[in-house]
Amino acid sequence: MINYLYQEQNWQSQLSDLITDPLELLEQLRLSPEQLLSGAILASEQFKLRVPRAFVGKMVTGDPLDPLLLQVLPHHLELEEHPGFVTDPLAEENANQQPGVLHKYKSRFLLTLTGACAVHCRYCFRRHFPYQENLPKNEDWLNIKAYLESQSDINEVILSGGDPLTLSNRKLALWIERLESIPQLKFLRIHSRVPVVIPNRVDEALISILKNSRLRIILVIHSNHASELDDFTCSRLKELTQQHITVLNQAVLLKGVNNSAQVLTDLSYRLFDAGVMPYYLHVLDKVKGAHHFDLMPDSIDLIYKDVLANLPGYLVPKLVREIAGEKNKTPLFGVSTY
Ligand SMILES: *Cc1c(COP(=O)(O)O)cnc(C)c1O
Ligand code: SF4
């Protein structure tokens with residue numbers, strides 16, 4: 001309801017006016033501060049609350065179990081230790097050849113240009129990752145270029161994060177130009193949750209940068225629930241697809257948020273309305289602090305079986321897990337160990 005207020009506001013001011021105080025968030029939603037059991041404040045000190053007001057505007061006022069709220073509100077259960085839940089579940093620190101570069105997959109590699117995100121998702125597998133020590137500076141570009149050219153299998157660079165759409169258009173365009181100068185590159189992928197949490201980020205300036213690139217652009221957004229995709233958000237996404245930019249979605253299967261076949265079915269249809277194709281449904285990475293979002297393999301199988309039955313094949317996201325050291329995402333379903 002309050003959301004139309006944000007449609008007129010530019011994305012930069014929205015990004016500099018995030019909610020970072022759990023009590024303010026609860027007050028906005030008319031929830032009692034008692035929602036925050038002791039420990040939640042400590043959890044928010046370990047991984048700060050960060051959420052754009054436009055995303056809060058999509059939450060249901062007065063509902064402590066709102067699926068969007070649960071993704072961002074610090075929770076005392078994050079402080080619990082659980083066997084197997086570790087700070088670097090994907091062992092990314094080992095794959096980190098040089099600042100900003102993460103090359104684990106054959107034809108594609110990740111380039112991290114910023115450690116900042118517009119929103120802090122409590123289940124994020126990078127919540128403990130030492131981003132800030134690991135960002136490429138302008139002078140690192142020549143090393144990155146030399147590395148890319150030494151790996152002739154690479155045809156795609158993935159801008160990941162942090163969230164690359166928190167960068168200014170100037171900086172984004174600069175890096176895209178650099179990548180365009182490498183003939184072997186054909187595809188540029190951008191992984192971002194910003195179009196969902198601050199839809200105004202998808203403005204004319206951004207669309208013009210993307211549609212004028214020599215590289216084929218694939219934007220992979222991250223939405224876990226149809227309520228994240230209001231009409232305004234969908235209209236911005238549709239604008240991208242009308243400009244021939246491929247837009248895909250990845251979601252994470254989360255207890256309390258979207259662990260139901262109906263919710264996942266609604267999400268796929270909503271995405272498709274906006275011209276977005278479902279891509280991945282990730283099972284939770286076992287990151288320390290996220291245990292309360294975890295589901296048992298049997299229950300995941302049951303949900304996914306119904307998703308398969310409910311949807312046409314082209315709207316079924318691939319159920320996958322990222323396994324440290326594997327050369328691709330590992331497809332799941334009906335396997336005995338997740
Ligand atoms: C997921 C991921 C990719 C991209 O994988 P796709 O299966 O092509 O989407 C690339 N590098 C890393 C490190 C990843 O985790
Ligand atoms: S936006 Fe993506 S990288 Fe950032 S906290 Fe959320 S899941 Fe993690």
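## The pocket that holds ligand 1

A molecule sits in a pocket if more than half of its atoms lie within 2 Å of the grid points of that pocket, and in this predicted model ligand 1 sits in the largest pocket. That pocket has a volume of about 940 Å³, and of the 47 residues that line it, Phe125, Arg126, Ser160, His191 and Gln250 are the closest to its centre.

Several elements each supply at least two residues of this lining, among them strand 2, strand 3 (156-160), strand 4 (187-192) and helix 9 (194-197). By class, the lining of the largest pocket divides into 25 nonpolar, eleven polar and eleven charged residues.

## The shell around ligand 1

The residues that surround ligand 1 are Lys104, Tyr105, Arg108, Leu110, Ile158, Arg189, Tyr279, Tyr280, Glu322 and Lys329, and this shell comprises five nonpolar, no polar and five charged residues. Strand 2 (108-112) and strand 7 (277-282) each contribute at least two residues to the shell.

Oxygen atoms of ligand 1 lie 2.5 Å from an N or O atom in the side chain of Arg108, 2.9 Å from a polar side-chain atom of Lys329 and 3.4 Å from a polar side-chain atom of Glu322. Ligand 1 taken alone exposes 380 Å², of which the protein buries 92%.

## The second largest pocket

The second largest pocket holds about 300 Å³ of space, and among its 16 lining residues Pro64, Leu65, Leu70, His75 and His292 lie nearest its centre. Its lining is made up of ten nonpolar, five polar and one charged residue.

Definitions and conventions. Residues numbered from 1 in each chain as written. Chains lettered and ligands numbered in written order. Predicted model: local features only at pLDDT ≥ 70, side-chain atom pairs only at ≥ 80, totals over all residues. Heavy atoms only, no water. Near = heavy atom within 4 Å. Polar contact = N/O pair within 3.5 Å; in protein donor to acceptor, adjacent residues only side chain to side chain. Areas by Shrake-Rupley, 256 points an atom, 1.4 Å probe, with all protein chains shown as cover. 1 Å grid on protein atoms, 1.4 Å probe; cavity = no way out; pocket = protein on both sides within 12 Å on 5 of 7 lines; lining within 4 Å. Helix = DSSP H or I, 4+ residues; strand = E, 2+ residues; numbered from the N terminus. Nonpolar A, V, L, I, M, F, W, Y, C, P; charged D, E, K, R; others polar. Points joined across faces, edges and corners; volume = space filled by probe spheres on them.
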